[in-house]
Amino acid sequence: MDFVEDKRLVEEFLDGNEVAFRNLINKYLQKIYWHARGMLNNHFDADEVTQEVIIVLYNKLNTFNFESNLYTWIYRITSRRTLNFIRKKNVKEFFSLSDGKFDNLELETDIQNNFEKKDEIERIEKVLQKIPTKQREVFIMKNFEEMTYKEISEITGRSIGGLKANYFHALKKITELLNEKQ
Amino acid sequence: MKNNENKRMEMLEKELSHKLEVYKDFQKADNNEYYFNNLYNRTMHKLESKKNKKSIYFKPAISYTFLFVITFVVSFFWIDFSNEEIISEENYLFSETSLWLEEENYLSNVVNEDFSLDYVSYINTEMNYSGVDFLNNEIIQLSDIELNEIYENIKNKKIL
């Protein structure tokens with residue numbers, strides 16, 4: 001059903017219907033943002049990556065050939081963009097080039113404004129940042145996005161065995177860290 | 001061994017699921033809708049601006065070619081590539097080469113010139129037309145021998 005609907009929306013968009021693009025993005029926008037947010041632990045970085053992904057989709061949808069699910073393709077783009085962002089950020093931090101413009105911003109400007117359990121959310125995000133990127137990625141996809149190993153493997157290009165191992169290590173570390181904090 | 005790992009994994013998942021519930025609720029919160037609409041609109045606005053910029057954007061290669069053509073055309077009109085030697089009076093004053101050529105030409109003409117002056121009439125003419133009285137008086141007072149000597153000197157180009 002999803003596949004058929006996605007295909008229709010893509011075709012309509014390629015025929016010049018911008019509303020179809022909006023509908024398509026509405027369907028995946030939150031998934032893109034939350035993946036980036038989980039990986040980056042920062043609302044502003046996630047916002048930036050999400051924008052990048054939307055622009056890429058707008059420009060490259062004509063190259064999508066429906067050999068795989070659209071959402072797999074979108075996730076692959078999101079994953080790569082997020083990992084690239086982390087790499088660039090690490091390089092900047094290494095050379096102390098990070099402008100740190102968002103580092104000290106108050107949470108009022110964040111998406112989680114007015115949310116009751118800010119502290120708990122912050123704690124989870126901090127813990128997520130303490131595990132390696134590879135493990136974090138699998139953990140987010142498996143836990144928050146509820147993907148199967150097969151789907152994660154298609155997106156990341158990693159073996160299912162490797163993914164399982166990474167997930168197991170991530171589970172152990174996150175449980176330990178969350179328990180420590182309590 | 002594998003079963004143990006799977007059991008352990010399930011146990012950990014259960015333990016975590018409750019703690020992660022907060023984060024999942026946060027992701028599904030209703031007040032996020034406004035932000036996501038805003039995010040979409042901002043991105044589309046950005047995309048639109050990029051599209052508009054594209055129309056006036058020159059690729060570097062095209063820009064350099066364009067610059068080269070303009071420079072060539074301008075230089076073609078402004079610079080005379082012909083080999084004609086133009087020596088204006090203005091240039092003459094400042095051109096060492098031109099000055100030297102002129103001088104050489106002049107000197108060679110002088111050397112080749114054949115002198116065939118009538119010195120007697122020349123002196124007489126000079127005397128007749130000279131407005132300097134003291135010179136005339138001096139010449140008048142000269143003896144024939146002195147005049148002959150002057151004549152000989154002039155003839156032998158010692159004076160000229």
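Which residues in α4(A) meet which residues in α6(A)? Before you click, keep in mind that this is a predicted model.

**Stop one: α4 and α6 of chain A**

Select residues 70-94 of chain A for helix α4 and residues 133-144 of chain A for helix α6. On the α4(A) side, show A:Tyr75, A:Ser79, A:Leu83 and A:Ile86. Their partners in α6(A) are A:Thr133, A:Arg136, A:Glu137 and A:Met141. Sort the residues of this contact by type and you get 4 nonpolar, 2 polar and 2 charged. Now put axes on the two helices: they come within 12 Å and cross at roughly 145°. The crossing of α4(A) and α6(A) is right-handed.

**Stop two: α1 and α2 of chain A**

Next, pick residues 2-14 of chain A, helix α1, together with residues 18-40 of chain A, helix α2. The axes of this pair lie 7 Å apart, and the packing angle is about 140°. Here α1(A) passes α2(A) in a left-handed crossing. From α1(A), bring up A:Asp2, A:Glu5, A:Asp6, A:Leu9, A:Val10, A:Glu12 and A:Phe13. They meet A:Glu18, A:Ala20, A:Phe21, A:Asn23, A:Leu24, A:Lys27 and A:Tyr28 in α2(A). Color by residue type and this contact divides into 7 nonpolar, 1 polar and 6 charged.

**Stop three: a salt bridge inside chain A**

Zoom to A:Asp45 and A:Lys89, a salt bridge whose closest N and O atoms are 2.5 Å apart. A:Asp45 sits in helix α3 (residues 43-60) of chain A and A:Lys89 in helix α4 of chain A, so the pair ties together parts that are 44 residues apart in sequence. Over all chains, the salt bridges come to 9.

**Stop four: where chain B touches chain A**

Now show both chains. How many residues does each chain bring to the contact? Chain B gives 32 residues and chain A gives 42 residues. About 3,700 Å² is buried between chain B and chain A, and carbon and sulfur atoms give 68% of that area. In chain B, select B:Tyr23, B:Phe26 and B:Tyr40: these lose the most area to chain A, together 20% of what that side buries.

Switch to the polar side of things. There are 12 residue pairs in polar contact between chain B and chain A, both residues at pLDDT 80 or more. Helices α1 (2-27) and α2 (32-55) of chain B each supply at least two residues of the side that touches chain A. That side of chain B divides into 14 nonpolar, 6 polar and 12 charged residues.

A:Asp47 pairs with B:Arg42, with the closest N and O atoms 2.7 Å apart.

How values were computed
Residues numbered from 1 in each chain as written. Chains lettered and ligands numbered in written order. Predicted model: local features only at pLDDT ≥ 70, side-chain atom pairs only at ≥ 80, totals over all residues. Heavy atoms only, no water. Contact = heavy atoms within 4.5 Å. Buried area = accessible area lost by both parts, 1.4 Å probe. Salt bridge = Lys/Arg side-chain N within 4 Å of Asp/Glu carboxyl O. Polar contact = N/O pair within 3.5 Å; in protein donor to acceptor, adjacent residues only side chain to side chain. Helix = DSSP H or I, 4+ residues; strand = E, 2+ residues; numbered from the N terminus. Nonpolar A, V, L, I, M, F, W, Y, C, P; charged D, E, K, R; others polar. Axes fitted to C-alpha atoms, helices over the stretch in contact; angles between N-to-C directions. Left-handed = near helix turned anticlockwise from the far one by under 90°.
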